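Work through the exercises below with the sequence and the 3D view at hand. Each task is followed by a solution in steps.

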Amino acid sequence: MHGTFVVLLPLSLIVMVFGGMAGFISILARAYLLLLLTGFIFLFGALITLAGVSVYVAYSAAAFKEALCLSGRKTLENIDIRFGWSLALAWISFIAEVLTSLAFLLASRIVGLRRRQEQGI
């Protein structure tokens with residue numbers, strides 16, 4: 001499990017950077033397909049982030065249970081486990097990626113409708 005979230009979270013960052021570059025180009029070009037592709041890239045990045053965060057939480061729970069089994073229940077009962085800012089920022093990243101994805105998908109829809117209106121006139 002450790003290797004999984006070590007790969008997923010940096011992969012999510014790479015997808016976000018690639019999506020940002022594609023988004024910048026697609027906004028300048030006002031290209032319907034590129035806007036649509038960018039929206040799906042960000043949606044895919046959000047899913048990768050969600051998977052990475054979920055695996056990280058599951059891994060942390062499993063590691064804590066194993067630590068309890070190895071050292072005995074009395075020594076670790078009073079330990080309070082908190083994830084801190086990293087988990088909060090990962091959730092904020094997931095929400096931001098979903099909202100960005102929806103914005104690009106909406107922009108592609110608007111560009112597509114405007115093209116149809118211009119071709120009809």
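Helices (H or I, at least four residues) and strands (E, at least two) are DSSP runs, numbered from the N terminus. The model is predicted: local features need pLDDT of at least 70, side-chain atom pairs count only at pLDDT 80 or more, and totals for chains, interfaces and linings use all residues. Residues are numbered from 1 along each chain as its sequence is written, and side-chain values use heavy atoms, with hydrogens and water left out.

**Exercise 1. Overall content**

Task: Find how many helices and strands the protein chain has, and where confidence is lowest and highest.

Solution. 
- Step 1: The chain has four helices and zero strands, in the order α-α-α-α along the sequence.
- Step 2: pLDDT is the predictor's confidence in each residue, from 0 to 100. Its mean over the chain is 86, and 89% of residues reach 70 or more.
- Step 3: Helix H3 (residues 73-76) has the lowest confidence, with a mean of 62, and helix H4 (residues 85-120) the highest, at 91.

**Exercise 2. Annotated spans**

Task: Compare the "transmembrane region" annotation with the helix content of residues 6-25 and 32-59.

Solution. 
- Step 1: According to the unreviewed UniProt entry, this annotation covers residues 6-25, 32-59 and 83-107. UniProt positions are given in the numbering used here, feature names are shortened, and annotations may be inferred rather than shown by experiment.
- Step 2: Residues 6-25 are 100% helix and 0% strand, with end C-alpha atoms 30 Å apart.
- Step 3: Residues 32-59 are also 100% helix and 0% strand, and here the end C-alpha atoms are 41 Å apart.

**Exercise 3. The span and buried residues of H4**

Task: Check the span of H4 against its number of residues, and list its buried residues.

Solution. 
- Step 1: The expected span of a helix is 1.5 Å times one less than its number of residues. For the 36 residues of H4 this gives 52 Å, which agrees with the 52 Å between its end C-alpha atoms.
- Step 2: Buried means under 20% relative accessible area, exposed over 50%, partly exposed in between (1.4 Å probe, protein chains only). The buried residues of H4 are Leu87, Ala90, Phe94, Glu97, Ser101, Phe104, Ser108, Val111 and Gly112.
- Step 3: An α-helix has 3.6 residues a turn, so residues three or four places apart point the same way.
- Step 4: For the chain, 26% of the 121 residues are buried.

**Exercise 4. Arg30**

Task: Locate Arg30, then decide whether Arg30 is buried or exposed.

Solution. 
- Step 1: Arg30 sits in the loop between H1 and helix H2 (32-71).
- Step 2: Its phi is positive, about 50°, although Arg30 is not a glycine.
- Step 3: Arg30 is exposed because its relative accessibility is 61%.
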